[in-house]
Amino acid sequence: MPRKSSNLLKRRLKIAELVGQQGEIKVDDLSELLGVSGVTIRGDLNYLEQQGYLKRSFGGAIATPAAPNTFSPYIPPVSAQPVTLVHKLEIAHHCARLVSDHETIFLGHGETCRRIIPFLCQKKRLRVIVNDLKHALLAEQYIDGDIIVAGDELIRTESLLSGKAFDDVIHRFAINHYILETNVPEANGGVMTNQPLLTSHYQRCFDKAQHITAILNPALEITGSVSVLGNISQITNLITCRFINEQYQQLLSDADFNIRYSNNECFTWSNSNLSGE
């Protein structure tokens with residue numbers, strides 16, 4: 001069974017959603033809306049603040065400010081809009097819908113990928129491989145199954161691991177699903193990473209995984225030389241926010257992607273050449 005009750009998870013996700021939508025909300029209002037005590041709400045808010053979902057305020061909580069827009073030369077400025085907390089949560093939900101019970105998944109680094117983990121709590125007997133130590137700590141609370149940390153060399157200033165032990169793990173297990181955050185694909189369809197030191201490891205995951213789900217994040221900062229993991233033609237599913245403009249919709253359509261699911265905030269695109277659609 002999952003280590004956290006589904007009611008607890010649903011309530012905390014609902015609180016994060018309400019704070020993201022309203023910008024600020026009081027404990028008393030949340031208590032009345034959700035039918036639990038103020039003490040319970042304060043405990044939820046403390047947890048959500050620790051996870052970066054919101055900030056505590058006097059008598060309530062406020063939304064976490066969006067990160068400043070910092071863009072590399074490779075990102076068309078027309079797409080320069082912040083990915084809000086509401087979008088991140090919805091993207092995470094879209095990704096979790098694509099994961100099945102008993103799968104082995106490799107979950108790439110990044111804040112949005114980390115927000116997928118609580119949504120996996122009702123999946124049975126997963127094997128989750130991570131090289132982000134923050135992922136591992138959160139997964140311990142929610143995942144029903146095995147959590148495998150890949151890597152033995154810490155990348156300084158990051159919570160990420162690389163090294164031979166990473167490749168050994170990837171070689172040992174069949175990966176059903178690789179989920180990653182990426183920038184807008186290059187004109188030739190190249191899929192990029194913002195961690196050059198991990199490129200070779202992630203390329204092995206990219207080539208080996210049975211299915212690949214990419215989160216398209218136009219605000220993902222790419223610095224220095226571009227590190228390409230693979231090609232968009234290898235991606236099974238691609239998740240986008242609603243503000244992805246016509247330029248990218250055309251790019252995806254040209255690459256034989258079709259919208260598989262949408263709730264008008266986010267879109268799951270599927271590669272018709274790989275999904276059989």
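Helices (H or I, at least four residues) and strands (E, at least two) are DSSP runs, numbered from the N terminus. The structure is a predicted model, in which local features need pLDDT of at least 70 and side-chain atom pairs count only at pLDDT 80 or more, while totals for chains, interfaces and linings use all residues. Residues are numbered from 1 along each chain as its sequence is written, and side-chain values use heavy atoms, with hydrogens and water left out.

Two strands are taken as paired if DSSP finds at least two bridges between them. On this basis, 3 strands make up an open sheet with antiparallel pairing, in the order β1-β3-β2. Its edges are formed by β1 (24–26) and β2 (54–57), each of which pairs on one side only. From one strand to the next the twist averages 25°; axes are lines fitted to C-alpha atoms, for helices over the stretch in contact, and angles run from 0 to 180 degrees between N-to-C directions. Strand β3 (residues 60–63) runs antiparallel to β1 and is joined to β1 by 3 bridges. Within this pair, Ile-25 stands opposite Ala-61 of β3.

Two helices lie across strands of this sheet. Helix α2 (residues 27–34) lies across β1 and β3, at about 75° to β1. Helix α3 (residues 38–50) lies across β2 and β3 and runs at about 135° to β2. Contact is defined as heavy atoms within 4.5 Å.

An open sheet of 8 strands is also present, with mixed pairing and the order β6-β5-β4-β9-β11-β13-β15-β14. The edge strands here are β6 (145–149) and β14 (257–262), and each pairs on one side only. The twist in this sheet averages 20° from one strand to the next. Ile-259 has Trp-269 in β15 as its bridge partner.

Helix α6 spans residues 133–142 and includes Leu-133. Leu-133 counts as partly exposed because its relative accessibility is 34%; buried means under 20% relative accessible area, exposed over 50%, and partly exposed in between (1.4 Å probe, protein chains only). Together with Val-149 and Leu-154, Leu-133 makes a nonpolar surface patch of about 240 Å². Patches are made of residues with over 30% relative accessible area and no salt bridge, like charges being joined within 9 Å and nonpolar side chains (Val, Leu, Ile, Met, Phe, Trp, Tyr) within 5 Å. A salt bridge is a side-chain nitrogen of Lys or Arg within 4 Å of a carboxyl oxygen of Asp or Glu. Accessible areas come from the Shrake-Rupley method with a 1.4 Å probe, and for residues only the protein chains shown count as cover.

Positive phi values occur at two non-glycine residues, His-102 and Asp-256. His-102, with phi near 70°, lies in the loop between α4 (85–97) and β4. His-102 counts as exposed because its relative accessibility is 56%. Asp-256 has a phi of about 70° and lies in the loop between α9 (246–254) and β14. With a relative accessible area of 35%, Asp-256 is partly exposed.

Thr-112 belongs to helix α5 (residues 111–114). Thr-112 is buried, because its relative accessible area is 4%. Apart from neighbours within four places in sequence, Thr-112 is in contact with Lys-88, Ile-91, Ala-92, Glu-181 and Ile-215.
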